[in-house]
Amino acid sequence: MRREEIMYNLFLDIANEDDRILAVYMNGSRTNANAPKDIFQDYDIVFVVRETGSFIEDKEWIHRFGNILYMQYPDEHPDFPGDKENFYGWLMQFEDGVRVDLHVESVTHAKAHICDDRLCRILLDKVDVLPEIPEPSDADYYVKKPTEAQFRASANEFWWCSNNLAKGLWREEIPYVQDMANFVVRKELERMLSWKAGIKTNFTISVGKSAKYLYRWLSREEYQDYLNTYFGGTIEDAWSAVFCMCDLFDSTAQYVARELGYHYDREEGQAAAAFLRHVKELPKDVEEIY
């Protein structure tokens, strides 16, 4: 696997040898001092170019970066057409394990958008086309302190949508329950746990994509409780995880409400949890819920 300095030299060599390339910058986890360093980190590289068309038309030039194992052309997706005149990408997994997410970008687009993401570092600017930018920072991704309205809306969304988990589990519709749990209910649990982490750190941290760094600010027991909210393909396993999710959300919401001086409608949560327990015990041949 090629070392970091070898890859940086490769990017700069290619850019310096090609008059069409005016500047190079990088964003993503490799610019984030707070992101763990490991062998799976991508190189998110942008070449600022005079025009994008010749790069797109040339099917061979990307092989200068190495032997490609497999790749993706995200801007060629029929359902998500990109602005090819201004921004175009190649996502490449190489045979030696290195992954590069490479884009070419017009000067106009770069000047307008380079500051959109503060996790950005300029590696090369051959003719001073790019503006000065601050040092990379993940501050844009910090957990934001919720307003009381946001807090109460999150709690209401969690408990209301638990109703869907109840009916899905009673019907034994595991695919539906998985979707509802992971893409709706869990997102509110992630949000509440993130607010707890934010309170503990004066809202100066990022919990990462999908709240993957929560373990840094939760106790070992809390984090294990969170992991226990994931479930496999059986109804009993799902019921157990859902009740664990409810308990963890309730205790976390109480903490957040107490620390921020907000009102938490715990009676709503208790009613929703009681409904879940009731539905769990409902026989399959009943004609009424109550």
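Asp 128 lies in the loop between strand E6 (120-125) and helix H4 (148-170); helices (H or I, at least four residues) and strands (E, at least two) are DSSP runs numbered from the N terminus. The model is predicted: local features need pLDDT of at least 70, side-chain atom pairs count only at pLDDT 80 or more, and totals for chains, interfaces and linings use all residues. Residues are numbered from 1 along each chain as its sequence is written, and side-chain values use heavy atoms, with hydrogens and water left out.

**Loop residues**

Phi of Asp 128 is near 55 degrees, a positive value in a residue other than glycine. With a relative accessibility of 66%, Asp 128 counts as exposed. Here buried means under 20% relative accessible area, exposed over 50%, and partly exposed in between (1.4 Å probe, protein chains only).

Asn 202 is not a glycine either, and its phi is positive, at about 60 degrees. This residue is found in the loop between H5 and H6, and at 62% relative accessibility Asn 202 counts as exposed.

Gly 232 is placed in the loop between helix H6 (220-227) and helix H7 (235-260). Its relative accessible area is 32%, so Gly 232 is partly exposed. Leaving aside neighbours within four places in sequence, Gly 232 is in contact with Gln 178 and Asp 237, where contact means heavy atoms within 4.5 Å. Gly 232 and Gln 178 are 54 residues apart along the chain, and their C-alpha atoms are separated by 8.8 Å.

**Aromatic rings**

A pair of aromatic rings is described by the distance of the centres and the angle of the planes. Rings of Phe, Tyr and Trp (its six-membered ring) pair if their centres lie within 6.5 Å; planes under 30 degrees apart count as stacked, over 60 as edge-to-face and the rest as tilted. The structure holds 20 aromatic pairs. One of these is formed by Tyr 8 and Tyr 43, which are edge-to-face, with 5.9 Å centre to centre and 90 degrees between the planes. This pair links distant parts of the chain: Tyr 8 is in helix H1 (residues 4-17) and Tyr 43 in strand E2 (residues 43-49), 35 residues apart. Tyr 8 and Tyr 43 are both buried.

In the pair of Phe 275 and Tyr 290, the ring centres are 6.3 Å apart and the planes are at 55 degrees, so the pair is tilted. This pair also links distant parts of the chain, with Phe 275 in helix H8 (residues 266-280) and Tyr 290 in the segment after H8, 15 residues apart. Which of the two, Phe 275 or Tyr 290, is buried and which is exposed? Phe 275 is buried, with a relative accessible area of 19%, whereas Tyr 290 is exposed, at 66%.

One aromatic cluster is formed by Tyr 8, Phe 11, Tyr 43, Phe 47, Phe 55, Trp 61, Phe 65, Tyr 88 and Trp 90.

Charged side chains also meet rings. The charged end of Lys 196 sits over the ring of Tyr 255, 4.7 Å from its centre, and Arg 216 lies over the face of Tyr 213, at 4.3 Å from the ring centre. A charge sits over a ring if NZ of Lys or CZ of Arg is within 6 Å of the ring centre and within 35 degrees of the ring normal.

**Cavity and pockets**

On a 1 Å grid over the protein atoms alone, a cavity is a set of points where a 1.4 Å probe fits but cannot get out, and a pocket is an open set with protein on both sides within 12 Å along at least five of seven lines; lining residues have an atom within 4 Å of a point. A volume is the space filled by probe spheres set on the points.

| Space | Volume | Lining residues |
|---|---|---|
| Largest cavity | about 40 Å³ | six nonpolar, no polar, two charged |
| Second largest pocket | about 260 Å³ | six nonpolar, five polar, four charged |

Ala, Val, Leu, Ile, Met, Phe, Trp, Tyr, Cys and Pro count as nonpolar, Asp, Glu, Lys and Arg as charged, and the others, Gly among them, as polar.

The lining of the largest cavity includes Phe 55, Trp 61 and Trp 90, and these residues also belong to the aromatic cluster. Of the 39 residues that line the largest pocket, Gly 28, Ser 29, Asp 117, Leu 119 and Tyr 141 are the closest to its centre. The second largest pocket has 15 lining residues, with Val 143, Glu 190, Arg 191, Ser 194 and Val 207 nearest its centre. Helix H5 (residues 174-200) gives the largest share of that lining, five residues.
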